[in-house]
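Reader: I have a model open and want to go through a few of its local features. Can we take them one at a time?

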Amino acid sequence: MRRSDIVEVLHGHVVADPYRWLEDTADPDTVAWRAAQDERWLTYAATLPGRYAFRTKVAARTRTGMVSPPVWRGDRHFFLRRRAGQDHPVLYVVRAGVEQALVDPTHLDPTGQTTLDHWEPSPNGRLLAYQISRGGTEQSTLHILDVETGDPADDPIDGCRYSPVAWLPDCRAFYFVRNRQVLRHHLGSRDDLVVRAAPASYGLELSTDGRWLTISAAEGSRNDLWLVDLAEPGHDLRVVQDGVDAQTAMTVGPDGRLYVATTHKAPSGRICVGDPFHPELEHWQELVSEVPGAPLTEIAVLDDLLLVGRSRHALSEIGCHDRKTGARLGDVPLPGLGSVGGLTSRPTGGSEAWFGYTDSVTPGAVYRYDARSGAVELWDGTPSPVEGIQSHQISFTSKDGTTVRMVVLAKPGADPRPAILYGYGGFGLSLTPTYSAFTMAWVEAGGVFATANLRGGGEEGAEWHRAGVLDRKQNVIDDYLAAAETLIAEGWTTSRQLGLCGESNGGLLVGAAITQRPDLFAAAVCSAPVLDMIRYERSGLGPSWVPEYGSAEDPAQIAHLLAYSPYHRVTEGTDYPATLFTVFDGDTRVDPWHARKMCAALQHATGGSRPILLRAESGVGHGNGTVSRGVGLAADMLAFLGANTGLT
């Protein structure tokens, strides 16, 4: 296999890059290498004994479908539903009890390569802004639909990757984000007004009365924030938060008060109120104080109550607080110990709220809460708990003495068994209990599945995230390795039976683990991974990840990047675990060259006989794909892990 002699000296560090040519998809050698890897994978996959059995299991557990909490606009509500057998969720609207399908990606494109990325109804519910993309690229085009007629109400707008949309009350204009800039668009016009030109990851929200526009710009674990009074001439952006090391979201409620959810002086989050005419943080008054170790996740404003969602050690809860005083009055009863998401209410308040619920063995469903009676009832979905699987939350100690937690799923039994350890540990993302056909298929086949809540995530609040970024990224890897050692020490599995699995930033975690402790694992699946920490900024969404990882352009940061960069830690003669890289040609977030380079490096370096393979798909990206394709991918990953950990 071709190995180039590229060696660079970067800020005094000697950095070799023998497989840089694999970054160029047009290079004839890359084309030939990719074809050889495809053949290698298909030949190996044909021999996997559990491949089709897992396909059947995953498909069966996927038939539960999904439904989202309703979004109310005027006398209509909108929601997503995917029924058993459907490849994509369909967006529906309901008015006067009549349900109507609005956007069906499969109807738009029978090949399944078109996805519905985002949607936002107008305040009166008569128009719908929705975004679709094709081939997994997530490069969305924004469309406007007349809900009553089903006809287009404006020309499409491209370049709107997951753009938030804030409609004005007259429903004739809206704010949106295009090419990382905030603009104002009037229906029928092609001259969009630039509101903020500095490139950033923006969020937008308009108050119920349409007067106040909130603009946020995220940067790592903090964000800047502006408030715009649309009743004032010029629509000037008033600075609320700039350069403050905190995450803050705010909205003007139906009662006219400014509601602020912030980690400023409260790493786990607190809720303040204020006056939108004086939105600066020095004018905020605390309404609901921080609960240490229980990060704030979402809020909903009702007539007399404020519903406050929190996550305590990755388990969700919803507290009921007096809207005026903030006093805690009780809790919303939940179906179990699991995850709540999508807490919604009517824009004008009211006494009802809706939320999605799932846990490790219960498919997602939507519940309705009535504040007048305190009752919770199933609104949509048919949960069907899986029988015979037990969930255990385990605490363990990481290398530096930090207490970390993980959830272990298994059937009753004491013998060490093949196990999968899953992790993410980045960007403040929390891994909370979630029903997964992938997980259920493995555990029902007799395996153990463990999910570790590592530093770098958000399970324990903002400080938990900060403890795993930049020069502290090794903490995340140490937590993951400690989780593996705990599974072995407590008799759940052995190093000969332990497999790793991670996606995206989790793929980075897997790559770091197998290069730092190859002796600890039998197998690994590394999906859409970030692996070359010196050149990650040069493609995909890499530039936006600098606040999380750091930059090789910075002399002070390159050393810690090199210290854990999986691609640069590959060592010749090492017996590496069996490793499968899964990549997607349409991925515009993480370029597939990361996996290509790492796969080539491991194939060259490994001193053992265990397989190092690449599984690539075309017409698919980093985000949502079809359910049927997902079933095939999950089955292949499980069969690979099963074959190399001894699961029969």
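What follows is a short exchange about this predicted model.

Reader: How far apart are the end C-alpha atoms of helix H2?

Author: H2 covers residues 51-62, which makes 12 residues. At 1.5 Å a residue, the helix should span 16 Å. The model agrees with that expectation: the end C-alpha atoms are separated by 16 Å.

Reader: Within what arc do the buried residues of H2 fall, seen down its axis?

Author: Four names come up as buried in H2: Arg-51, Phe-54, Val-58 and Thr-62. An α-helix has 3.6 residues a turn, so residues three or four places apart point the same way. The buried residues of H2 line one face of the helix, because their arc is 70 degrees.

Reader: Which residues are exposed on the other side of H2, and what covers the buried ones?

Author: Tyr-52 and Thr-56 are exposed on the other side of H2. The cover over the buried residues includes helix H1 (28-45), strand E5 (76-82), helix H4 (437-444) and helix H12 (627-645).

Reader: At what angle do H4 and H12 pack, and how far apart are their axes?

Author: Two packed helices are described by the angle between their axes and the distance between the axes. The crossing of H4 and H12 is right-handed. Their angle is about 35 degrees, and their axes are 10 Å apart.

Reader: How many residues in the contact of H4 with H12 are nonpolar, polar and charged?

Author: From H4 come Phe-438, Ala-441 and Trp-442. They meet Ala-634, Met-637, Leu-638, Leu-641, Gly-642 and Thr-645 of H12. The contact divides into 7 nonpolar, 2 polar and no charged.

Reader: Is Gln-516 buried or exposed?

Author: Gln-516 lies in helix H7, residues 505-516. Leaving out residues up to four places away in sequence, Gln-516 touches Gln-474, Ile-477, Leu-481, Tyr-564 and Arg-569. Buried means under 20% relative accessible area. Gln-516 has 18% relative accessibility, so it counts as buried.

Reader: What is phi of His-11 near?

Author: His-11 lies in the loop between strand E1 (7-10) and strand E2 (13-16). At 40% relative accessibility, His-11 counts as partly exposed. Its phi is positive in a residue other than glycine, near 50 degrees.

Reader: And what is phi of Arg-180 near?

Author: Arg-180 sits in the loop between strand E12 (173-178) and strand E13 (181-186). With a relative accessible area of 39%, Arg-180 is partly exposed. Arg-180 is a residue other than glycine, yet its phi has a positive value, near 65 degrees.

How values were computed
Residues numbered from 1 in each chain as written. Predicted model: local features only at pLDDT ≥ 70, side-chain atom pairs only at ≥ 80, totals over all residues. Heavy atoms only, no water. Helix = DSSP H or I, 4+ residues; strand = E, 2+ residues; numbered from the N terminus. Expected span 1.5 Å × (residues − 1). Buried < 20%, exposed > 50% of the residue type's maximum accessible area, 1.4 Å probe, protein only. Arc of directions from axis to C-beta. Contact = heavy atoms within 4.5 Å. Axes fitted to C-alpha atoms, helices over the stretch in contact; angles between N-to-C directions. Left-handed = near helix turned anticlockwise from the far one by under 90°. Nonpolar A, V, L, I, M, F, W, Y, C, P; charged D, E, K, R; others polar.
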